Amino acid sequence: MAQTVKCMVWDLDDTIWDGVVLEQDAPVPKADALRALDVLDRRGILHAVASRGEYEPAAAHLRMHGIEELFCAVDVGWGPKSEAVRRIAETLNLGLDTIAFVDNDPVERAEVSEALPPVRCYPAEQIASFPDLPELTPPAVTEEARQRRSLYHAERIRQVSEQEFRGSNSEFLASLELVMTVRRATEDDLERAHELTVRSHQLNTTGRTFGIDELRRLCASDDHEVLVASLGDRFGGYGTIGLAVSEIRGDDSVLQLLLMSCRVMSRGVGTALIRHVVERARTHGRRALAEFVPTDVNRVMLVTLRFAGFDVVDPNPDRMLLLCSDVRSAGAPNADHVAVLSGDVAP
């Protein structure tokens with residue numbers, strides 16, 4: 001089954017509105033387009049623009065009609081539309097198979113389809129039906145999904161600030177005022193937790209994936225603890241970016257899975273989450289252990305565990321077992337700039 005669309009890329013002239021801005025038609029956005037923009041936005045589907053023309057007049061026209069903020073990327077120029085769509089996918093860090101494109105011109109749609117086969121293309125005449133299409137209807141709409149546009153806008157401002165920052169990387173990280181909140185997962189978190197296990201490969205200690213039903217079972221189990229971590233800074237939130245699943249085995253708390261969203265890899269927050277998991281285990285009088293299963297891409301997580309004070313006690317190459325036997329995590333790199341708060345994590 002094709003993935004649900006995560007971003008709808010819009011042409012402007014004769015698509016969102018009837019008329020051409022550069023020809024001074026003063027076009028007004030169509031009612032069907034405004035409804036589709038609003039409904040998809042509330043479902044967590046992002047919007048972007050790939051249109052022909054001049055950027056400033058197009059952006060000004062979007063602004064004049066109060067819809068500029070609905071778009072996470074605006075690419076207006078004279079090159080091929082397929083190149084604009086490709087740039088948008090890269091900017092938003094989305095796979096082409098989650099991108100859709102709508103344009104009134106069949107030639108433009110054909111060009112995008114030929115150059116980017118995974119991108120789904122729609123004629124402007126179909127806009128009214130967008131809210132009813134299954135590929136534009138996510139199976140679940142979480143609170144995080146409803147905030148997705150604001151998360152992307154915050155990230156764009158964050159990136160500009162990083163580019164303009166005069167100082168070292170560690171100084172920039174300290175300037176972000178990062179705060180991580182860790183709490184027990186609830187029913188509302190399961191969709192995002194499942195998504196993290198499927199999508200986060202590099203920053204996954206065991207490579208495991210969990211279905212929503214399995215996560216629900218683990219959350220209800222007295223022998224397991226499922227924690228989710230959200231992150232924020234002075235620019236806004238990153239959403240839910242971490243998941244930790246531990247199994248309680250007598251006096252041991254064994255971390256079976258710890259993963260972080262790749263979006264926050266450069267923020268150095270992995271060690272901070274591990275430190276919190278270790279402190280939780282010790283607070284309840286348990287030893288903190290962790291499993292590590294090597295994959296082609298996750299060696300960085302073994303390094304993170306070692307920096308956090310874990311030593312190998314069982315070197316089995318198929319499933320390594322590590323024990324946190326000291327408090328090296330207190331001085332671990334890329335951790336002291338993150339404040340960690342406990343949310344609803346009572347046992």
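Q: Why is His61 called buried?
A: In this predicted model, His61 has a relative accessibility of 7%. Buried means under 20%, so His61 counts as buried.

Q: Where is His61, and what is His61 in contact with?
A: His61 lies in helix α2, residues 55-64. Leaving aside neighbours within four places in sequence, His61 is in contact with Trp17, Val21, Ala26 and Pro27. Contact here requires heavy atoms within 4.5 Å.

Q: What makes Trp10 and Phe130 an edge-to-face pair?
A: Their ring centres are 5.9 Å apart, and rings pair if their centres lie within 6.5 Å. Their planes stand at 65°, and planes over 60 degrees apart count as edge-to-face. The pair is therefore edge-to-face.

Q: Which parts of the chain does the pair of Trp10 and Phe130 link?
A: This pair links distant parts of the chain. Trp10 is in strand β1, whereas Phe130 is in the loop between β5 and α5 (143-146), 120 residues apart. Both Trp10 and Phe130 are buried.

Q: Why is the pair of Tyr122 and Phe130 called edge-to-face?
A: The ring centres of Tyr122 and Phe130 are 5.4 Å apart, with the planes at 65°.

Q: How do you know whether Tyr122 and Phe130 are buried or exposed?
A: The relative accessible area is 5% for Tyr122 and 0% for Phe130. Buried means under 20%, so Tyr122 is buried, and so is Phe130.

Q: What makes Trp10, Tyr122 and Phe130 a cluster?
A: Ring pairs link these three residues. A search of the whole structure finds three aromatic pairs.

Q: What is the order of the strands in the open sheet of five strands?
A: The order is β3-β2-β1-β4-β5, with parallel pairing.

Q: Why do β3 and β5 stand at the edges?
A: β3 (71-77) and β5 (120-123) each have a single partner strand, so one side of each is left without a neighbour in the sheet. From one strand to the next, the twist averages 20°.

Q: How do you know that β1 and β2 pair?
A: Strand β1 (residues 7-10) and strand β2 (residues 46-52) share four bridges in the parallel sense. Pairing needs at least two bridges, so four bridges meet the rule. Leu46 in β2 is the bridge partner of Cys7.

Q: Which strands does helix α3 touch?
A: Helix α3 (residues 81-92) packs on the sheet and touches β1, β2, β3 and β4 (99-103). The direction of α3 makes about 150° with that of β2.

Q: Why is Cys219 called partly exposed?
A: Cys219 has 27% relative accessibility.

Q: Which residues have the most contacts inside the largest nonpolar core?
A: They are Met180, Leu231, Ile241, Met260, Leu273 and Phe310, in a core of 36 residues. Helix α10 (residues 270-283) supplies the largest share of this core, six residues. A second, separate core has 28 residues, among them Val5, Trp10, Leu37 and Phe71.

How values were computed. Residues are numbered from 1 along each chain as its sequence is written. This is a predicted model: local features need pLDDT of at least 70, side-chain atom pairs count only at pLDDT 80 or more; totals for chains, interfaces and linings use all residues. Side-chain values use heavy atoms; hydrogens and water are left out. Helices (H or I, at least four residues) and strands (E, at least two) are DSSP runs, numbered from the N terminus. Axes are lines fitted to C-alpha atoms, for helices over the stretch in contact, and angles run from 0 to 180 degrees between N-to-C directions. A nonpolar core is a set of buried Ala, Val, Leu, Ile, Met, Phe, Trp, Tyr and Cys residues joined through side-chain atoms within 4.5 Å. Buried means under 20% relative accessible area, exposed over 50%, partly exposed in between (1.4 Å probe, protein chains only). Rings of Phe, Tyr and Trp (its six-membered ring) pair if their centres lie within 6.5 Å; planes under 30 degrees apart count as stacked, over 60 as edge-to-face and the rest as tilted.
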